[in-house]
Amino acid sequence: MATVVIAGGGISGVAAALAVARNGHRATVLERNPEFGELGAGIQLGPNAFRALDHLGVADRVRSGAVFIDEINLMDGMTGDRITSLPLGAEFSERYRYPYAVVHRVDLHAALLDACGQSPLIDLRTDCAVAGYTVDGATVSVRLPSGEVVTGDALIGADGIRSAVRRQLVGDGEPRVSGHTIYRSVVPIEQVAHELRWNSVTLWAGPKMHVVHYPIAGGRFFNLAATVDDGATQIVTGKPAARDLVMDTFAALAPETRRFLDQGQDWRTWVLCDRDPVPRWTDRQVVLIGDAAHPMLQYAAQGACMALEDVVCLDGLLSQGETDFVELFAAFAAARTGRTAWIQGVSRAIGEEVYHPSASAADERTRWLSSLSAAQVHELVDPLYLGPVTADIA
Ligand SMILES: Cc1cc2nc3c(=O)[nH]c(=O)nc-3n(C[C@H](O)[C@H](O)[C@H](O)COP(=O)(O)OP(=O)(O)OC[C@H]3O[C@@H](n4cnc5c(N)ncnc54)[C@H](O)[C@@H]3O)c2cc1C
């Protein structure tokens with residue numbers, strides 16, 4: 001039985017712990033915060049995420065709090081017209097074998113964390129910020145601020161976009177500040193006008209800005225996110241924003257779009273960051289997963305989905321009985337770097353070319369997307385939802 005130390009207890013870290021324990025190994029999850037938890041906002045999960053959650057045995061729990069929306073709509077935020085939509089009914093579930101749904105992040109994380117809590121092989125520890133690691137022959141150790149040294153046979157860096165493990169392993173500095181600011185609000189559904197409680201993910205595209213909304217937490221809340229390409233240069237995380245500031249920032253959008261924004265309250269602000277893909281995620285028996293490995297802009301709604309795919313890939317390798325973590329992590333990285341680099345690029349391109357274009361570029365986008373048949377829309381999204389997740393030891 002091996003011991004795997006996991007830095008970070010977000011979605012990737014706790015999901016990875018489940019995969020480790022499912023294969024009969026011990027996992028020690030080191031979370032820097034005083035409590036495990038997630039941001040109180042929504043997240044979209046594609047069929048690839050549900051396939052992974054099913055694999056990890058927590059899909060039923062996540063489904064119970066999820067909202068199974070009818071469709072994903074892309075609207076012109078300047079005219080209020082529909083550009084295209086992707087119905088998420090029986091045909092979608094049949095094609096991708098799993099549904100598309102929206103969930104509260106807290107519910108997703110709690111499902112994974114509670115499953116970890118039920119495993120005697122998983123040790124969940126808080127107030128444990130990892131600063132770096134030392135590989136010594138067959139073991140790897142991390143030193144905590146308390147001076148305690150935690151040792152294992154392998155280390156998984158699941159410590160997010162500003163990963164300390166990545167800092168040592170890749171050394172590519174601070175994340176890239178995208179210049180895009182996002183305002184987020186989660187509103188109790190009874191405070192949202194009846195006619196605006198759409199059971200869909202709907203995205204309103206405007207010049208250098210877009211608005212997204214969908215219901216979450218079994219329909220008890222309405223999740224709103226409004227993003228503007230304002231050239232922001234400083235990192236902001238969760239700073240409160242006045243309602244008037246949000247309404248003024250999106251003043252150019254049509255009244256059909258702004259009536260949704262008008263429902264928002266207690267807005268909070270983030271400046272979005274990502275990184276360029278890197279080919280190297282491993283250093284002997286140390287590996288990066290999730291946002292530590294491949295942080296992306298949220299425009300393809302695939303960051304957490306990719307983190308869950310990572311874990312399924314690791315699980316598949318562990319289930320082959322391999323305990324040489326140098327080999328195992330090399331096979332993992334070989335299987336995952338290409339796909340996730342592609343999605344990092346797609347995420348940026350969707351922002352530029354689909355959500356934020358202006359003038360003639362916006363007209364061209366609308367002409368192209370509105371001309372697509374349902375089959376062509378499926379072909380566009382197939383690689384996101386049907387991508388390969390398994391790997392073999394060479
Ligand atoms: C606005 C927005 C919307 C999004 N929407 C979607 C969506 O709809 N669908 C989707 O699939 N994805 C979405 N994403 C992406 C998704 O949120 C991330 O990809 C996902 O949360 C990554 O999980 P993670 O566990 O890898 O990293 P994180 O969530 O960052 O977790 C890292 C954990 O490690 C801890 N940590 C950090 N440093 C240390 C350290 N040194 N030592 C110990 N612990 C440490 C942190 O406290 C945290 O708990 C969105 C992202 C944003 C910003």
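Threonine 202 lies in strand β13 (residues 200–206), where strands (E, at least two residues) and helices (H or I, at least four) are DSSP runs numbered from the N terminus. The model is predicted, so that local features need pLDDT of at least 70 and side-chain atom pairs count only at pLDDT 80 or more, whereas totals for chains, interfaces and linings use all residues. Residues are numbered from 1 along each chain as its sequence is written, and side-chain values use heavy atoms, with hydrogens and water left out.

At 0% relative accessibility, threonine 202 counts as buried; the term means under 20% relative accessible area, while exposed means over 50% and partly exposed in between (1.4 Å probe, protein chains only). The side chain of threonine 202 makes polar contacts with two side chains, that of asparagine 73 at 3.0 Å and that of serine 200 at 2.7 Å. A polar contact is a pair of N or O atoms within 3.5 Å; within protein, one must be able to donate a hydrogen and the other to accept it, and residues adjacent in sequence count only if both atoms are side-chain atoms. Apart from neighbours within four places in sequence, threonine 202 is in contact (heavy atoms within 4.5 Å) with Asn73, Met75, Val211, Val212 and His213.

Leucine 86 is placed in strand β5 (residues 82–87) and is buried, with a relative accessible area of 6%. The C-alpha atoms of leucine 86 and serine 200 are separated by 10.0 Å, although the two residues are 114 residues apart along the chain. Beyond its neighbours within four places in sequence, leucine 86 is in contact with residues including Asp70, Phe92 and Val381.

The chain is divided into domain 1 (3–67 + 101–174 + 275–358 + 381–385) and domain 2 (176–274), with bounds that come from an automatic or database domain assignment. The centres of the two domains, taken over C-alpha atoms, are 27 Å apart. In the interface, 30 residues of domain 1 are in contact with 30 residues of domain 2. The domains bury about 2,200 Å² between them, 58% of it on carbon and sulfur atoms; buried area is the accessible area (1.4 Å probe) that two parts lose on being put together, summed over both.

Across this interface, 8 residue pairs are in polar contact, both residues being at pLDDT 80 or more. On the side of domain 1 that touches domain 2, β3 (42–45), β6 (101–104), α5 (105–117) and α11 (325–355) each supply at least two residues. Helix α11 gives the most to that side, with 4 residues.

Side chains of opposite charge can pair when their charged atoms come close. The structure holds 17 salt bridges, each defined as a side-chain nitrogen of Lys or Arg within 4 Å of a carboxyl oxygen of Asp or Glu. Between domain 1 and domain 2 the count is 1 salt bridge. Aspartate 274 and arginine 348 form a salt bridge, their closest N and O atoms being 2.7 Å apart, and both belong to a network of salt bridges that links Arg176, Asp274, Asp276 and Arg348.

Another salt bridge joins the side chains of aspartate 315 and arginine 22 (3.1 Å, N to O). Aspartate 315 lies in helix α10 (residues 303–318) and arginine 22 in helix α1 (residues 11–22), so the pair ties together parts that are 293 residues apart in sequence. Aspartate 315 is buried at 3% relative accessibility, whereas arginine 22 is partly exposed at 45%.
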